[in-house]
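Here is a short report on one protein chain.

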Amino acid sequence: MNKILIEASGLKRYYQRGSETVKALDGVDIQIHAGEIVSILGPSGSGKTSLINLLSCLDAPTAGKLSVAGKSVDGLTEDQLVEVRRGTLGFVFQHFSLLPTLTVTENIELPLMFLGLKPNPIHTANILASVGLTDRATHFPRELSGGQMQRVAIARALISRPKILVADEPTGNLDKATGESIIAVFQRLAASEGLAILLTTHNAAFGAIADRAITLEDGRIVNEIRASS
Ligand SMILES: Nc1ncnc2c1ncn2[C@@H]1O[C@H](COP(=O)(O)OP(=O)(O)O)[C@@H](O)[C@H]1O
Ligand SMILES: [Mg+2]
């Protein structure tokens, strides 16, 4: 079995809404290994985004233990969490979030600017190739299809060499065939780079393509299916 990249036990995330406590997550145990695609399924409001935000250190749990890349993140300050995210995690969102005035290459290299790093043209070219966008390097987002825009967003998430790619509803804005092509990109990345990929989806068919599909209901895991490979 590959190295464990994320390990959580008893994860809870409660929100206070007036006098009501919303138990968005109510005791989740999960392990994510290198090279593995794990999909989180479940109806709207079941806790998928809450879970993925905790596992990727964007939010802190109400209770529970969490380790990322072999390091406990319990009780870390926001600055320390930024450091953990920076070296380990790449993020992909439903709405792509590309900057319209930048080319594909500039969008992909943008995170490096925030880190004060110089882009390496060979690294960028390799990433463009890995998502099948070599011939779109100098195009602008408006010249791309939805699937191509999402592949740019995946490339942007890869630029800082993460170990874990986290994607909240990455196929949510795409039709079925395009969604499948995005899942195929994830599968190639997991196989060739050993990336762990953690994604949420409404679409059970995409979940079935993952190595593991975990279904949430009311903040608890109610089902877990392992692909027989
Ligand atoms: N910031 C918040 N404040 C209060 N309640 C929240 C907040 N975020 C999410 N929730 C609630 O937590 C539950 C789970 O939400 P979420 O994790 O977004 O589910 P999903 O991504 O599966 O749709 C829902 O009942 C939602 O309304
Ligand atoms: Mg959500």
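## The second largest pocket

The second largest pocket holds about 200 Å³ of space. The model is predicted. His 123, Asn 126, Ile 127, Ser 130, Leu 158, Arg 161, Pro 162, Leu 189, Glu 193 and Leu 195 form the lining of this pocket. Five of the lining residues are nonpolar, three are polar and two are charged.

Which helices each supply at least two residues of this lining? They are helix H4, residues 121-130, and helix H6, residues 176-193. H4 gives the most, with four residues.

## Arg 161, a lining residue in a loop

Arg 161 is one of the residues that line the second largest pocket. Arg 161 sits in the loop between H5 and S7. Its relative accessibility is 55%, so Arg 161 counts as exposed.

The backbone deserves a look too. Most residues other than glycine have a negative phi. Arg 161 has a positive phi, near 55°.

## The largest pocket

The largest pocket has about 510 Å³ of space. Its lining has 18 residues, and those closest to the pocket centre are Phe 91, Pro 111, Phe 114, Arg 156 and Ser 160. By class, the lining divides into eleven nonpolar, four polar and three charged residues.

Four elements each supply at least two residues of this lining: helix H2 (78-88), strand S6 (89-93), helix H3 (104-114) and helix H5 (146-158).

## The chain as a whole

Seven helices and ten strands make up the secondary structure of the chain. The radius of gyration is 17 Å, close to the 17 Å that the globule rule gives for 229 residues, so the chain is as compact as a globular protein of that length. Along the principal axes, the C-alpha atoms fill a box of roughly 50 × 40 × 40 Å.

How much of the chain is buried? Buried residues account for 47% of the 229 residues. The chain exposes about 11,100 Å², and carbon and sulfur atoms supply 53% of that area. Now take the contacts between residues at least 6 apart in sequence: 71% of them join residues at least 24 apart.

## Lys 23 and Asp 218

Lys 23 belongs to strand S2, residues 20-33. Its relative accessibility is 45%, so Lys 23 counts as partly exposed, between the cut-offs of 20% and 50%. Beyond residues up to four places away in sequence, Lys 23 touches Arg 13, Tyr 14, Asp 218 and Gly 219. Lys 23 and Arg 220 are 197 residues apart in sequence, but their C-alpha atoms are 9.6 Å apart in space.

Asp 218, one of the residues that Lys 23 touches, lies in the loop between strand S9 (212-217) and strand S10 (220-226). Its relative accessible area is 63%, so Asp 218 is exposed. Phi of Asp 218 is positive, near 50°, in a residue other than glycine.

## Thr 171

Is Thr 171 buried or exposed? Its relative accessible area is 7%, under the 20% cut-off, so Thr 171 is buried. Thr 171 is found in a loop, between strand S7 (164-168) and H6.

Leaving aside neighbours within four places in sequence, Thr 171 is in contact with Gly 179, Ile 182, Ile 183, Thr 201 and Phe 206.

Key
Residues numbered from 1 in each chain as written. Chains lettered and ligands numbered in written order. Predicted model: local features only at pLDDT ≥ 70, side-chain atom pairs only at ≥ 80, totals over all residues. Heavy atoms only, no water. 1 Å grid on protein atoms, 1.4 Å probe; cavity = no way out; pocket = protein on both sides within 12 Å on 5 of 7 lines; lining within 4 Å. Points joined across faces, edges and corners; volume = space filled by probe spheres on them. Nonpolar A, V, L, I, M, F, W, Y, C, P; charged D, E, K, R; others polar. Rg over C-alpha atoms; globule rule 2.2 N^0.38 Å. Buried < 20%, exposed > 50% of the residue type's maximum accessible area, 1.4 Å probe, protein only. Contact = heavy atoms within 4.5 Å. Areas by Shrake-Rupley, 256 points an atom, 1.4 Å probe, with all protein chains shown as cover.
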